[in-house]
Amino acid sequence: PAKDPNQPPTPTPIEGVTAVVPVASGKGGVGKSTVAANLALGLAKLGLKVGLLDLDLYGPSVPIMLGVKDAEPTSSGDKLAPIVAHGIKTVSIGYLMDNEKALIWRGPLIMKAVRQLLHQVDWAPLDVLVLDLPPGTGDVQISMAQEVPITGAVVVTTPQDVALVDAVKGVDMFKAVNAHVFGIVENMSYFICDECQKRHEIFGNGSVKPLCEKLGVDYLGDLPLDTAVRELSDKGTPVVLGDTPAGEAYLELARKIKA
Ligand code: ADP
């Protein structure tokens with residue numbers, strides 16, 4: 001029988017890619033892209049073959065964080081060849097669009113771009129493809145869930161109450177499409193003072209763990225608020241590449257996801 005064009009596509013695995021791990025957040029500015037980039041590089045540091053797909057339509061920042069903002073992907077046969085940075089393969093939705101036009105992209109165009117970036121890029125062979133999603137729930141998330149089976153999602157939040165409400169929405173979105181959620185990671189959780197070495201919990205503390213229990217997902221740990229995290233991302237060499245306590249915190253997240 002002919003396929004009903006109104007039916008959504010059935011999720012299809014990406015050839016040669018073992019796991020797909022979206023990184024999501026309920027709202028912007030909580031460090032979702034930072035976590036996605038450091039998680040991808042952390043998994044590579046642990047010996048996996050990794051890809052990082054930037055689907056953050058409203059602020060594609062992966063090319064800057066990986067130091068490949070001026071690189072242009074080339075074609076390889078009928079597929080797009082990803083850019084290789086710090087040993088991982090990467091492509092950004094930013095390469096397909098004009099930054100100013102991002103906000104006027106409509107559903108069908110977004111769906112097409114998401115499909116192409118998942119299925120028409122030369123990703124293989126990969127152990128894991130990490131996806132940096134836009135904040136919130138929208139066309140990109142729906143398209144992603146229709147296009148590929150999800151291994152497990154990582155939801156990023158900060159300890160603030162307002163961000164937590166959004167984290168719940170983030171988790172619910174994956175539950176609605178029957179996708180597994182690995183858990184919630186708490187970013188910008190604490191600040192270690194250079195002078196006094198004391199731990200300051202700037203946005204409060206202790207509410208993410210009980211939230212995870214309530215939602216039935218794992219608590220994936222806390223990540224420090226650290227100037228070096230931002231500075232190194234801006235320089236194109238994310239903190240996890242180095243050997244610092246902040247880098248170690250992100251590497252620990254990668255260990256949990258690998259396991
Ligand atoms: P999102 O993807 O959620 O919008 P980003 O990852 O772009 O957030 O992070 C927003 C800003 O906060 C960036 O400038 C980033 O470098 C900075 N940032 C993220 N996480 C941390 C952290 N743990 N410590 C310090 N700065 C951070």
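Helices here are DSSP runs of H or I at least four residues long, and strands are E runs of at least two. By that count the protein has 8 helices and 11 strands. The model is predicted.

**Whole chain**

Start with everything shown as a C-alpha trace. Along its principal axes the trace spans about 65 × 40 × 35 Å. The radius of gyration is 18 Å, which agrees with the value near 18 Å for a compact globule of 259 residues. Colour by burial next: 46% of the 259 residues count as buried. Among contacts with a separation of 6 or more, 79% join residues 24 or more positions apart.

**The ligand**

Select the ligand and its surroundings. The shell holds 19 residues, and G31, K32, S33, T34 and R230 are the closest. By type, the shell divides into 7 nonpolar, 9 polar and 3 charged residues. Which elements each supply at least two residues of this shell? They are α1 (32-45), β9 (181-192), β11 (218-224) and α7 (227-235).

**The annotated stretch**

Zoom in on two glycines. G28 is in the loop between β1 (17-25) and α1. G31 is in the loop between β1 and α1 too.

Is G31 buried or exposed? G31 counts as buried, because 23 C-beta neighbours lie inside 10 Å and the cut-off is 20 or more. G28 has 15 such neighbours, so G28 counts as partly exposed. Show the partners of G31: leaving out residues up to four places away in sequence, G31 touches V156, N187 and M188.

**The nonpolar core**

Select L39, A40, V130 and V154. In the largest nonpolar core, which has 75 residues, these four touch the most other members. Helix α1 gives this core its largest share, 8 residues.

Stay on V154 and display its contacts. Beyond residues up to four places away in sequence, V154 touches V21, V23, V35, L39, F182, G183, V185, L220 and I257.

**Helix α4**

Finish at α4, residues 139-147. Its buried residues are V140, Q141, S143, M144, A145 and E147. What covers them? The cover includes β1, α3 (107-119), β7 (126-132) and α5 (161-176).

Key
Residues are numbered from 1 along each chain as its sequence is written. This is a predicted model: local features need pLDDT of at least 70, side-chain atom pairs count only at pLDDT 80 or more; totals for chains, interfaces and linings use all residues. A residue is near a molecule or strand if its C-beta atom, placed from the backbone, lies within 6 Å of it. Ala, Val, Leu, Ile, Met, Phe, Trp, Tyr, Cys and Pro count as nonpolar, Asp, Glu, Lys and Arg as charged, and the others, Gly among them, as polar. A residue is buried if 20 or more other C-beta atoms lie within 10 Å of its own, exposed if 12 or fewer, and partly exposed in between; C-beta atoms are placed from the backbone. Two residues are in contact if their C-beta atoms, placed from the backbone, lie within 7 Å. A nonpolar core is a set of buried Ala, Val, Leu, Ile, Met, Phe, Trp, Tyr and Cys residues joined through C-beta atoms within 7 Å. The radius of gyration is taken over C-alpha atoms; the globule rule is 2.2 Å times the number of residues to the power 0.38.
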